[in-house]
Amino acid sequence: MNVNQQPPMASPYGQPQPGYSQPSYAPLGGGYPGPYGPYSGPATAYQPGAPQGYSTYASFPSKAVPANPVSDLPSPLELGSARGPPPVSTNQAYSQYAQGDIQNGPPPMDHSMAQPAQRPPVCQPYSHGAMNLSGPHPSYPQQYGVQPSMQQMTNQMSGMQVGSGPLTSAGPGYAPPSYTQAPHPVSGAPSQPPPPSEPAAPQPYYDGPPPSQQPPFPSSAPPPSQPFPSSSPYSGPPLPANPGPLQSLDNSPSHLAPSPAQQTFPNSAPPPVSQALYSGPLPPPDLALSHLPCIPCPVPCRPAPSQPGPPHFHSGPLPNAPCHPLYVPAAGQPPFPLAPCSSLLSLACMEDTQPSRMVSPPCSNPCTTSTRPLVCAFGQPRGPQPGYAGPQYPGQQNYGAVPAPTPAPTQKRLDPDSIPSPIQVIEDDRANKSSEPFTTGVKGQTPPLVTTNFQVKDQGNASPRFVRCTAYNIPCTADMAKQSQVPLAAVIKPLAMLPPDETRPYMVDHGEAGPIRCNRCKAYMCPYMQFIEGGRRFQCGFCSCVTDVPPHYFQHLDHTGKRVDCCDRPELSLGSYEFVATVDYCKNNKLPQPPSFIFFIDVSYNAVKSGMVNIVCQELKTLLDYLPRENPEADSVVRVGFVTYNKVLHFYNVKSSLAQPQMMVVSDVSDMFLPLLDGFLVNVNDSRMVIESLLDQIPEMFADTRETETVFGPVIQAGLEALKAADCAGKLFLFHSSLPIAEAPGKLKNREDKKLVGTDKEKSLFQPQSGFYSNLSKECVAQGCCVDLFLFPNQYVDVATLGVVPVSTGGSVYKYTYFQAEMDRERFLNDLRRDVQKPMGFDAVMRVRTSTGIRATDFFGSFFMSNTTDVELAGLDCDKTVTVEFRHDDKLSEDTGALMQCAVLYTSCSGQRRLRVHNMAVNCCSQLADLYRNCETDTIINFFSKYAYRSLLNTPTKTVRDTLVNQCAQILACYRKNCASPSSAGQLILPECMKLLPVYLNCVLKSDVLQPGADVSVDDRAYLRQLLSCMDVSESHVFFYPRLLPLVKLDGGSLPMAVRNSEERLSKGGVYLLETGLYLFLWVGANAQQELLSNIFGTPTFSQIDPNMTSLPELDNPFSQRLREIIDSFRSQRSRYMKLMVVKQEDKAELIFKHFLCEDKSASGGASYVDFLCHMHKEIRQLLS
Amino acid sequence: MATFPEFIAQNEERDGVRFSWNVWPSSRLEATRMVVPVASLFTPLKERPDLPPIQYEPVLCSRVTCRAVLNPLCQVDYRAKLWACNFCYQRNQFPPTYAGISDVNQPAELLPQFSTIEYVVQRGPLMPLVFLYVVDTCMEDEDLQALKESLQMSLSLLPPTALVGLITFGRMIQVHELGCEGISKSYVFRGTKDLNAKQLQEMLGLTKPTAAQAGRGPQAPQAPLSNRFLQPVQKIDMNLTDLLGELQRDPWPVTQGKRPLRSLGSAMSIAVGLLECTFPNTGARIMTFIGGPATQGPGMVVGDELKAPIRSWHDIEKDNAKFMKKGTKHYEALASRASTNGHIIDIYACALDQTGLLEMKCCSNHTGGYMVMADSFTTSLFKQTFQRVFTKDVSGAFKMAFAGTLEIKTSREIKISGAIGPCVSLNAKGPCVSENEIGTGGTSQWKICGLDHNTTLAVYFEVVNQHNAPIPQGGRGAVQYVTQYQHSSGQKRIRVTTTARNWADAGTQIQTIAASFDQEASAILMARLAVYRAETEEGPDVLRWLDRQLIRLFMFHLRRSPFLQVFNNSPDESSYYRHQFMRQDLTQSLIMIQPILYAYSFNGPPEPVLLDSSSILPDRILLMDTFFQILIYHGETVSQWRKAGYQELPEYENFRHLLQAPVDDAQEILHSRFPMPRYIDTEHGGSQARFLLSKVNPSQTHNNMYAWGQESGAPILTDDVSLQVFMDHLKKLAVSSAA
């Protein structure tokens, strides 16, 4: 039996793809099948994953496990290698599976059980997929088994049978029992499985939330692995094999049927199950139809199961042969897509214009390259663009995702290409939107993605470089907003730098009386003010209050009611501009002093030894010539001061009249004070000689220090006192090395405790140790004292606590763990240079005003708030963003839309008080569809991540993750429910604008902060958590979904098209550049061409590449030059310098690199994209049901 | 036998000792009746250029409770090589080194002319001299400049091996690290905080060799010879000169209506603490230069609001001086810490207003430090006084000594009641300590951290011999003063003065006793007592007590002197005057009480004249020396002549000489006095003439000028009683009290 089954399995795999697509399509119409297929694919994936066991996500993790099994089992590998010999491999695979399961061991048993249970929904889809996927089947089996259990035996059975026979037969074959049994047997724990498999069990699976543990995913995971092998084999002998398997499968089902309760069939059994399952889910035929790209499966079978359409799909896979033919039929819509995968995902389709995507559960496919099992790809349609015609979609999808759509035979694996691809979305957006300037005049228009190069024309709304919203059509009512769960937020970067071809905001001076404002709400003059009564008064767009126009500002109106001078005045025609603030806007009604920069250098043993002190001192000598200034011609008016410290502080008098600097030691750190006034803060040019002498001497003076203890609180206090004494705002640059354990205020203890990770107390790791720094930061903010912290830790320094002041004062934290002068010098210096030079405002207050109906309720970023409306920023630089969440407090009108005005009052680096105003108008909608059509996923993710990261402070990590998943599921479910055309529940339908939401969300969930790997220190997590809080959308985008560029042809000005972040996308023979926003990796494949290596590294030999190099050799060839240009340009785009790391394939360091391949399963248990998508789908289905 | 005056003069010359009585009544009862106690004014380091120090150590009485030093009054058995202690009568063996002793070969200490003798202790290391400058920077640039110059000048006067340190203060306190290359370092402290020695030590990064020391026992204080803050002059001369040169006025802004914040109390505390943990029991001078009162932190004497004036006597009487008690307490604690470690605190206060000397006086008084009060650091009064601190004797050694202790031993018949002067008690109880305390009593040993050749202590004794225990004929009462100190060369030296007086039975030899009365010494002794009580008790009581005691003329002037009268003097001035009075020798003290007045005229050679308003005549030039002031007063006529410029004309050369004579005499006084007196040249009707008018006996006032009807003299506008009136009352009182 087993053997038989196995073969079948194998065949399924091979066939699956073809089969899937075809079959599924055929039956339902291409559309249905497609989707289903995909689903099933995923499902399978899930199942495997499930076993391993992540709790919620478990499935994901589980996948990882599966992977392991695969690896463990030589057979899988072999299989992979020997795709040709499907049968054998398959057999092995099966056995492996079994083994794998076994290995998973208990899990399998449980998994099978559990998986099914959890996954149910997913599983079903998956299973279908699985079914479809020949490859998956093996793995599926288990899953199936589960699924079967979920679904009724009968269904499955029927399905399996159907599938087996024809496609549908498979479904029947599924018969839960068989599956379960099959797996179980393998696992060795037959008893349990069987029962579960039985009706009762099955139901639970499906219905019930999968056991927290991996089940669902795990199950999915395993399959993939298996699939691969199988798939590979398939590929080899595609056609033949497929048929074989299929048949066998079919057979197996039958077998299963008999065996149901028992293990016997395991392998075979599963497949059927999957089908059955699928069938269940499948219903979505609609999807398939619409989208359709997919291959309609012959599928009749499916229908047989619970739902006609879907099953077909699934079944499709199984009956590969038939499928193909089916395909054609599916044709109603382009069949192509389907072809590609065995996994079937059919995505999207859009009805109306909306891009909805159906993702049919992706099947995990064997596709993987050597290492990875693959995840199946969902059939991705490129769906993203609404514009595309439904039909087109399919076609597109096919292209993108599926290489060889039609040829079922060719592909055996599930194709990850079939799930929504970020790369594709980015490329499409780039292609469509970068040519034309983006004009901001149209209300409610979604701007191009952050990854697109585009020019902005300010026509009354703030440029997306300043303000990006999650939604540009916001629901009219709170109910709608609540229903959709789409966050309403704006990510504001008030002082953003603009590209040279865009003009910076104009400066407006309204004279001595100050800016003209609404009398009631105090909104500033802006394009939304309506002039009435011949221009004598204006009505506020925010609060509708009518205010007299001051005589000096009066101007006649033209026939349209606009002021005649409208176009001459920035504040009447532009979205962003600045006002000159009068003395009324200054602290103490006194015009501000120019700001000061104070450098605090840790000179304790560690700091000196690491070379930091030396580097800082050397660099400052030149850096001081580049202090920020507004007029490039003039010298900066920023004054500077210097302090060194260990457990005492050394202030320096560098007054220009002194022959040599004076050092003043303050050892009474318990009660910090400023020991000198005159000569501490000086003008660089005046005191240049003394300063240089000082900077020369500091490294010498402390070269032999033995002092290891440091203080921290007093250091900031000292800076604060200095600024107070000088009566100015300013910025402190702290170069700090270690945990401040010296006796002083703000002393910290080492509380790093990894045992807390994963417990409810985990949140305490993100909270500051004491309230001291919070209080201190309040004082700092009051004085306009911004703190930037450069950390050079060798061990735990408690970033969570040390970062409190920087984070509350609008400062930044930079961290250089294990700083080594040679290796990290460049990165540090570039960060420092940028940090010193960048334009910034001081002592800022930001206020967001909105039109009636909504109001700003929550703020995220680096700042301090003493009340609920004013965001106080001691410092605000050009890289800092503030994220504002809005909520309804009344109904909005579609006619007027919603207005938002963000005003930032700040002191410029020349000491001028200014107001920067950004205006933003968005539409209001009464149809949810409008909302979904005009939102921006990148921004939503930015908001979600900030929200989640902040929640970590008060909520257990698990809850935070669950909440995130849940909210996203609700968003998508809401769409599905309200906007998408009816379709079967088994289809995953994603709004066009949000089709990347799952993949990005998965990246967020997998980020080190939310899902720490064993090697991620508490400090790193705290650091990243704080870092994210003020990231803008483009930074968060690359942070969560790194950019992976294949370095192939680098000619011309354009960049090579990025590839998706998955190991399977890497070619052994290639070299890839990965940008994460914090690091750059240059991955070198083991078989990279010699020429390529020579061009890049100057050596043709792989083994001679120095993995420790941090910069590429400057070679005189176009490739090298271009590559370095690219690297430079990447670096210049980010606010932090990215260190370049060369990663050689198979090298140890590759682990780090792989960590950033965020579509793959992560070592720490994060789910792969496919798995997560399936999980998401399951969640959605739960919500819908 | 010589007359008593000659005897007294000889004793003073040789031993620096003057007793109130030179023949002592033989019983307690009789002594009590004498009113003026048996007491002595003792100048431990009386300048004796003719006295070569002996290069060996003194021989001590072997009785543990005695330990008196072998002296000429001891009986010696040359054959047995024994000597009997004349205080406890213990018989002692001479040490082996005295083996060759005989009638004709006596060691110096047995020769009568060596009743005062100085030994040099050979043991122990040479201790460096430590000078710690504590400099206020809250002052006008001009003042600061002058001060910096003075300080730089003083560096050149220090011996090359002396250790110097610098602390500057204003709102903050900076302890300067010396000898840094390329960068000048200092440790900064906030002035509002008082740090104890341990905290300070930690903050300055000074590690006390406690651990090492503990092992070697407490007697081996192997003090580091220098540290970052105290370094030899020769090494950091240039560095310190530059440092002083760069010294800036305290940069913290002082807003209108405020005093600068001056952390004097903390600065002194840090100075004391620094020395405490680096050079305990080593001679060291903390020289504090202040330009105003402490206005913040511990030891503050006035707030920084200008509208709240610094306390006056009036406020003090009304108990309105809210910072005084706390401030005083702070400085007393400092004084006690400093004196425990043998460190001197000098205060050079130069300001027009008060600087808080009242609160700080104990710092100088208890440690033997100098207190100098002037209007500004730019005045020659300060400059020369400061320069004179570093005066050297013929051998090139400073005329100052450090870390001294005075021990007094007495015959059994008398005991020590106490001492008054710049000293603190060492609480050494012993058989010769009386229970009856006068001044700093209850001890036979005192610490005198700072000594110079004029430093004089008043020591009071009590005769304890009972009436019924007659003293054998020819018995003498002996007193031995043993002064150990650190010579400015770094040597440890011991000076021993042994003196004896005859006993007399008051019943039979009252005449002898009366003849032996030393009026001047008694006057000063009583005045010291009075001042001491004035400092420690309420004012009026002291005057009343004094009135009951009495000694003619001196008492009249004493009553009017700033030592007892606080009217017209600020608390600081009173403190300053009293400080000087308590430490100067007899001659100077006399001048302080009763200023000397010389008259110059064409009528004859310069002559001393009565300190009386009748001495003020139009054709005279008067020269008054009050110790604190040297005043030249030109009579009305003389003044007119001078204004007319007669002295310029060759034919009036005699007038020029007349004008010049008092100036020359004044210069002579100025040269020898420490501290420098205020030099005043004024004339009839001049505003500065008030100094003269306030001192003279107001025999003619607006009340009686017509009654007296004399042509000469100038009326004084005062309500004070004249000497005549005072005497009348005195006589009446004397008679009645006798009754």
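Author: Let's start with the helix pair. In chain A, helix α38 (residues 937–951) packs against helix α39 (residues 957–978) at an angle of about 150 degrees, and their axes are 9 Å apart. Axes here are lines fitted to C-alpha atoms, for helices over the stretch in contact, with angles running from 0 to 180 degrees between N-to-C directions. Helices (H or I, at least four residues) and strands (E, at least two) are DSSP runs, numbered from the N terminus. So α38(A) and α39(A) are roughly antiparallel to each other; the labels are roughly parallel under 35 degrees, roughly antiparallel over 145, roughly perpendicular from 65 to 115, and oblique for the rest.

Before going on, a word on the ground rules. This is a predicted model, so local features need pLDDT of at least 70 and side-chain atom pairs count only at pLDDT 80 or more, while totals for chains, interfaces and linings use all residues. Residues are numbered from 1 along each chain as its sequence is written, chains are lettered from A and ligands numbered from 1 in the order in which they are written, and side-chain values use heavy atoms, with hydrogens and water left out.

Staying in chain A, look at the charges. A salt bridge is a side-chain nitrogen of Lys or Arg within 4 Å of a carboxyl oxygen of Asp or Glu, and the whole structure has 79 of them over all chains. One joins Asp877(A) to Lys838(A), with the closest N and O atoms 3.4 Å apart. That pair ties together distant parts of the chain, 39 residues apart: Asp877(A) is in strand β22 (residues 870–877), and Lys838(A) is in the loop between α36 (821–837) and β20 (840–850). Asp877(A) and Lys838(A) are both buried; buried means under 20% relative accessible area, exposed over 50%, and partly exposed in between (1.4 Å probe, protein chains only). The two also belong to a salt-bridge network whose other members include Lys731(A), Asp788(A) and Arg834(A).

Other salt bridges sit within a helix. Arg430(A) and Glu427(A) meet at 3.2 Å, N to O, and they are about one helical turn apart because they are three residues apart in helix α26 (residues 422–433). Arg430(A) is partly exposed at 26% relative accessibility, whereas Glu427(A) is buried at 18%. Glu721(A) is partly exposed at 25%, and so is Lys724(A) at 37%.

Most residues other than glycine have a negative phi, and most peptide bonds are trans. Asn589(A), not a glycine, has a positive phi of about 55 degrees; Asn589(A) lies in the loop between β11 (576–580) and β12 (596–602) and is exposed at 51%. Over in chain B, Phe674(B) and Pro675(B) are joined by a cis peptide bond, with omega about -5 degrees, and Pro675(B) is in the loop between α19 and β27 (678–683).
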